[in-house]
Amino acid sequence: MLTILEFPDPRLRTRAQPVERVDDALSRLIDDMFETMYAAPGIGLAATQVDVHRRFMVIDVSEEKNAPLVFINPEILEKQGAQTYQEGCLSVPGIYADVDRADRIRVRALDRHGQPFEMWADGLLAVCIQHEMDHLDGKVFVDYLSPFKREQVRKRLAKAAKERAAAGGADADEQRRHTI
Ligand code: QAP
Ligand code: CO
């Protein structure tokens with residue numbers, strides 16, 4: 001299992017570099033990222049979040065967790081419409097907030113074998129792709145909130161971290177959900 005960086009860790013601000021070679025090392029990292037994401041459980045994880053500053057991410061928005069998607073060097077070719085979705089993030093645990101994004105996007109990327117592909121995505125998948133691509137540019141969803149709300153998020157996470165430390169590193173019995 002990989003360690004996930006938590007906001008406001010400055011490493012989450014790193015702009016990731018393009019992947020140059022889709023090799024075995026990258027393949028292993030992708031497998032580990034899926035394992036980490038499914039265990040969380042989450043629907044998307046960008047390399048930036050596990051302190052790897054290369055442009056790739058893993059996503060699975062299916063109910064059955066049987067539709068893994070890999071995007072290497074992703075690009076958005078076209079955006080259409082707008083939608084608002086209540087987003088969360090494995091790097092901002094327990095915090096949820098509405099974010100406005102494009103409703104439908106056309107994406108080009110390499111798959112896990114290094115083969116180029118293009119696809120249209122809409123709904124939750126479109127939100128997730130845009131959210132994860134933001135991570136590759138050093139951006140976190142709380143950046144779309146007002147500075148006041150972002151500060152609230154920072155304080156709440158600091159408090160949760162302190163409580164975890166006081167519990168002697170034992171897993172917190174329950175993660176509280178907080179909508180900002
Ligand atoms: C990004 O987020 C996303 O707070 C992926 O305590 C989220 O997988 C895209 C998670 C929503 C579109 C819509 C968050 C797990 C997982 C938490 C995630 C938590 C445990 C977030
Ligand atoms: Co995220």
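The legends below describe close-up views of a predicted model. Local features are given only where pLDDT is at least 70 and side-chain atom pairs only at pLDDT 80 or more, whereas totals for chains, interfaces and linings use all residues. Residues are numbered from 1 along each chain as its sequence is written, chains are lettered from A and ligands numbered from 1 in the order in which they are written, and side-chain values use heavy atoms, with hydrogens and water left out.

View 1. Phenylalanine 7 and proline 8 are joined by a cis bond with omega of about 5°. Proline 8 belongs to the segment before α1 (24–39). A cis bond also links alanine 40 to proline 41, with omega of about -5°; proline 41 is in the loop between α1 and β1 (44–46). Helices (H or I, at least four residues) and strands (E, at least two) are DSSP runs, numbered from the N terminus.

View 2. Most residues other than glycine have a negative phi. Aspartate 51, in the loop between β1 and β2 (56–59), has a positive phi of about 65°. Lysine 65, in the loop between β2 and β3 (69–80), has phi near 55°. Aspartate 51 is partly exposed at a relative accessible area of 33%, and lysine 65 is partly exposed at 32%. Partly exposed lies between buried (under 20% relative accessible area) and exposed (over 50%), with a 1.4 Å probe and protein chains only.

View 3. A polar contact is a pair of N or O atoms within 3.5 Å. A backbone N or O atom of isoleucine 43 lies 2.8 Å from an oxygen atom of ligand 1, and for a backbone N or O atom of glycine 94 the distance to a ligand oxygen is 2.7 Å. Tyrosine 96 places a polar side-chain atom 3.1 Å from an oxygen atom of ligand 1. The protein covers 88% of the 500 Å² of accessible area that ligand 1 has on its own (Shrake-Rupley method, 1.4 Å probe).

**View 4. The shell around ligand 1.** The shell holds 19 residues, the closest being Gly42, Ile43, Leu90, Gly94 and Tyr96; a residue is counted if one of its heavy atoms lies within 4 Å of the ligand. The elements giving two or more residues to this shell are β4 (83–87) and α2 (123–136). The largest share, 5 residues, comes from α2.

Key
A polar contact is a pair of N or O atoms within 3.5 Å; within protein, one must be able to donate a hydrogen and the other to accept it, and residues adjacent in sequence count only if both atoms are side-chain atoms.
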